[in-house]
Amino acid sequence: MSKKRHIIGGTMAALIVVVVAVGLGLGYISGINVRSCDNERHLIYVYPETTENQLVAQIEQAYDFTLPFMFRLWSRYMHLTSEEQPFIRTGCYQMEATMSDHEVVSMFRSGRQVPVKLTIRSVRTQGQLAKSVSQQLMLDSASVASRLSDSTYMSRFGLTVPQAVCLFIPETYEVWWNMSPDELFGRMEREYRAFWNERRLSQCAQMQMEPWEVVTLASIVAEETSRDEDKPIVAGLYINRLRKGMLLQADPTVRFAVGDFRMQRILNKHLQYESPYNTYLHAGLPPGPIRIPSPKTVDYSLNYTPSDYLYMCASPALDGTHCFARTYSEHIRNARAYQRELNRRGIKK
């Protein structure tokens, strides 16, 4: 009888230990085990080569673990990482100010990431565009640049290589940080089609221009002036020259051709620089934009101001304004006044 009581007692004690252990375990699982050092949310970036140790080290920069070893046990138990195959999924993850180990591991294992902001900036070259995008996403700039310069790839969007940047409308978008290059271009195509809606396409038709031509015109306008009130006037002036078959003779296209965007003074040697972008040598628009213009500047170009202006020159005030002219003689007077001011200020290039 005594032996039986010992067995029953031992069994009951074991059950109590198990119940307590399970209770403590459940309490640990559901408890707050990871706390932000500054009580704020933080973004954690996981790359393809990120290991468990690197992930933990990144989290520990902003969070405190109640029991660090327990997080590693949970990651092993839930197969977040293993010697054979890592289960950490790439992406941008947002950790709350307080979380349990179980919640943290589950988030990374399931790939429950958050979207990030991608801002397409009004840059001048394809290289600058590729670099800007790669700095914001888990993308190699070369993978973006190679697609921009691939005529076969760009043809699927109805664009040539010089026109490639037209696909990128300067706005801020919500995207996945670990999106592929093709997913990026696919998203930009959807935004491009949405921007060129029926109304804008109708305006293009009235101007007898293609969307890429309007974007190219807008890129010259954007380089000519930062003053919104002048942009429709500048656009109208260049449209006048195009319709009359005149050379555009736009200084910004020369800067783009030469590759010196800081150049203030355009010299005769620059005007003779051979490039399809040099509108002093080649008639019509350049083969593509000389920068990515803002949507607002594109709309200013679509809604240009009709006028008789054929010439423009930077104001001798050097304040960003322009002197517009209808005749060449009037333009020469304006240009000489501008050159005199450059000489007076000692600006040689």
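Arg200 lies over the face of Phe195, at 3.9 Å from the ring centre, where a charge is taken to sit over a ring if NZ of Lys or CZ of Arg is within 6 Å of the ring centre and within 35 degrees of the ring normal. The model that shows this is a predicted one, in which local features need pLDDT of at least 70 and side-chain atom pairs count only at pLDDT 80 or more, while totals for chains, interfaces and linings use all residues. Residues are numbered from 1 along each chain as its sequence is written, and side-chain values use heavy atoms, with hydrogens and water left out.

Arg147 lies over the face of Tyr153, at 5.7 Å from the ring centre, and Tyr153 belongs to one aromatic cluster together with Phe157, Phe168 and Phe185. Rings of Phe, Tyr and Trp (its six-membered ring) pair if their centres lie within 6.5 Å, and planes under 30 degrees apart count as stacked, over 60 as edge-to-face and the rest as tilted. The structure holds 12 aromatic pairs. One of them joins Tyr153 and Phe157 edge-to-face, at 5.7 Å centre to centre and with 70 degrees between the planes. The rings of Tyr153 and Phe185 have their centres 5.4 Å apart and their planes at 90 degrees, so this pair is edge-to-face. Tyr153 lies in helix α7 (residues 151-155) and Phe185 in helix α8 (residues 181-195), so the pair ties together parts that are 32 residues apart in sequence; helices (H or I, at least four residues) and strands (E, at least two) are DSSP runs, numbered from the N terminus. Tyr153 counts as buried at 9% relative accessibility, and Phe185 counts as buried at 0%, given that buried means under 20% relative accessible area, exposed over 50% and partly exposed in between (1.4 Å probe, protein chains only).

In one of them Arg147 meets Asp182, the closest N and O atoms being 3.0 Å apart. Arg147 lies in helix α6 (residues 141-148) and Asp182 in helix α8, so the pair ties together parts that are 35 residues apart in sequence. Asp182 is partly exposed, with a relative accessible area of 40%. Within helix α8 itself, Arg193 and Glu189 lie four residues apart, about one turn of the helix, and their side chains meet in a salt bridge (3.4 Å, N to O). An α-helix has 3.6 residues a turn, so residues three or four places apart point the same way.

Another salt bridge joins the side chains of Asp228 and Lys296 (2.9 Å, N to O). This pair links distant parts of the chain, with Asp228 in the loop between α10 (211-224) and α11 (231-244) and Lys296 in helix α14 (residues 295-302), 68 residues apart. Elsewhere, Arg124, Glu223 and Arg291 are linked in a network of salt bridges.

The strands come next, where two strands pair if DSSP finds at least two bridges between them. An open sheet of three strands has the order β3-β1-β5, with antiparallel pairing. Its edge strands are β3 (63-65) and β5 (98-99), each of which pairs on one side only. Two bridges join strand β1 (residues 34-36) to β5, and the bridge partner of Val34 in β5 is Met99. Strand β6 (residues 116-119) and β7 also pair in the antiparallel sense, over four bridges, with Lys117 opposite Glu174 in β7.

Finally, Arg89 lies in the loop between α3 (68-77) and β4 (91-95) and, at 43% relative accessibility, counts as partly exposed. Contact means heavy atoms within 4.5 Å, and, not counting residues up to four places away in sequence, Arg89 touches Val46, Phe108, Arg109, Ser110 and Gly111. Arg89 and Val46 are 43 residues apart in sequence and 7.1 Å apart in space, C-alpha to C-alpha. Just after α4, Gly111 takes a positive phi of about 75 degrees.

Definitions and conventions: Salt bridge = Lys/Arg side-chain N within 4 Å of Asp/Glu carboxyl O.
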